[in-house]
Amino acid sequence: LELLNLKNIFFLNKFQLVKKLEANKLIENYSVFKKYPSSIEIRVTKTKFLANIFKDGKTFVLGSNGKLIQSVNKDNNLPNIFGDYDNVSFFNLLKSIKKSKFELSRVRNLYFFKSGRWDIETDQNIIIKLPKENLEDSLNLSLSVLHNKEFKNIEILDLRQDNQVIINGK
């Protein structure tokens, strides 16, 4: 924000300032207040990192603002996204995960398919194949199956068909 240095705030170009703030991919939200006679207060909220993404041989982190931030190495505490996803689909999945009893911290990898659906790989190497719709119900159902002691050694939990649960195990 060097454009602000030693300038009279009466002549400050608001559009220049907004352009600079919105260009920063680490900013989620901001607010600007002119405090007359001589200062400006800028409040910034940093974006939250949601997932690692690998594109064109580079590593990125997806922020909660929907922007990709180039990174040197991946964050092992975040899930990895594979596939040519779109932000709307990802944020719908994320909203469903938050509404369900499923914990995002249990997700290791997310796989997006051109058909518009997602697969989740958990921290226990279990693949959950989700349908395109009713994600929250499917996630809650997957938890009840995974916590059921009758179903041990599950490798794949397929919830894509209505009124069916397909389990593949060892």
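Predicted model: local features only at pLDDT ≥ 70, side-chain atom pairs only at ≥ 80, totals over all residues.
View A. Phe151 is placed in the loop between α3 (135-146) and β10 (154-158). Together with Leu141, Val165 and Ile167, Phe151 forms a nonpolar patch on the surface. The accessible area of these residues together is about 280 Å².

**View B. The salt bridge of Asp123 and Arg106.** The structure holds five salt bridges, and one of them is formed by the side chains of Asp123 and Arg106, at 3.9 Å from N to O. Asp123 lies in the loop between β8 (118-122) and β9 (127-129), and Arg106 in the loop between α2 (87-99) and β7 (107-112), so the pair ties together parts that are 17 residues apart in sequence. Asp123 is partly exposed, with a relative accessibility of 38%. Arg106 has a relative accessible area of 15% and is therefore buried, the limit being under 20%.

**View C. The salt bridge of Asp119 and Lys129.** A salt bridge joins the side chains of Asp119 and Lys129, with an N to O distance of 3.6 Å. Asp119 is in strand β8 and Lys129 in strand β9, so that the pair links distant parts of the chain, 10 residues apart. Asp119 counts as buried because its relative accessibility is 4%. Lys129 is buried as well, with a relative accessible area of 18%.

View D. In the salt bridge between Arg160 and Asp158, the closest N and O atoms are 2.6 Å apart. Arg160 counts as partly exposed, at 36% relative accessibility, whereas Asp158 counts as buried, at 10%.

View E. Arg43 is placed in strand β2, which spans residues 39-46. The side chain of Arg43 is joined to that of Glu41 by a polar contact of 2.6 Å. With neighbours within four places in sequence left aside, Arg43 is in contact with Asn29, Tyr30, Ser31 and Phe33. Ser100 is 57 residues from Arg43 along the chain, and the C-alpha atoms of the two residues are separated by 33 Å.

Notes: Residues numbered from 1 in each chain as written. Heavy atoms only, no water. Helix = DSSP H or I, 4+ residues; strand = E, 2+ residues; numbered from the N terminus. Contact = heavy atoms within 4.5 Å. Polar contact = N/O pair within 3.5 Å; in protein donor to acceptor, adjacent residues only side chain to side chain. Patch = residues over 30% accessible without salt bridge, like charges linked within 9 Å, V, L, I, M, F, W, Y side chains within 5 Å. Areas by Shrake-Rupley, 256 points an atom, 1.4 Å probe, with all protein chains shown as cover. Salt bridge = Lys/Arg side-chain N within 4 Å of Asp/Glu carboxyl O. Buried < 20%, exposed > 50% of the residue type's maximum accessible area, 1.4 Å probe, protein only.
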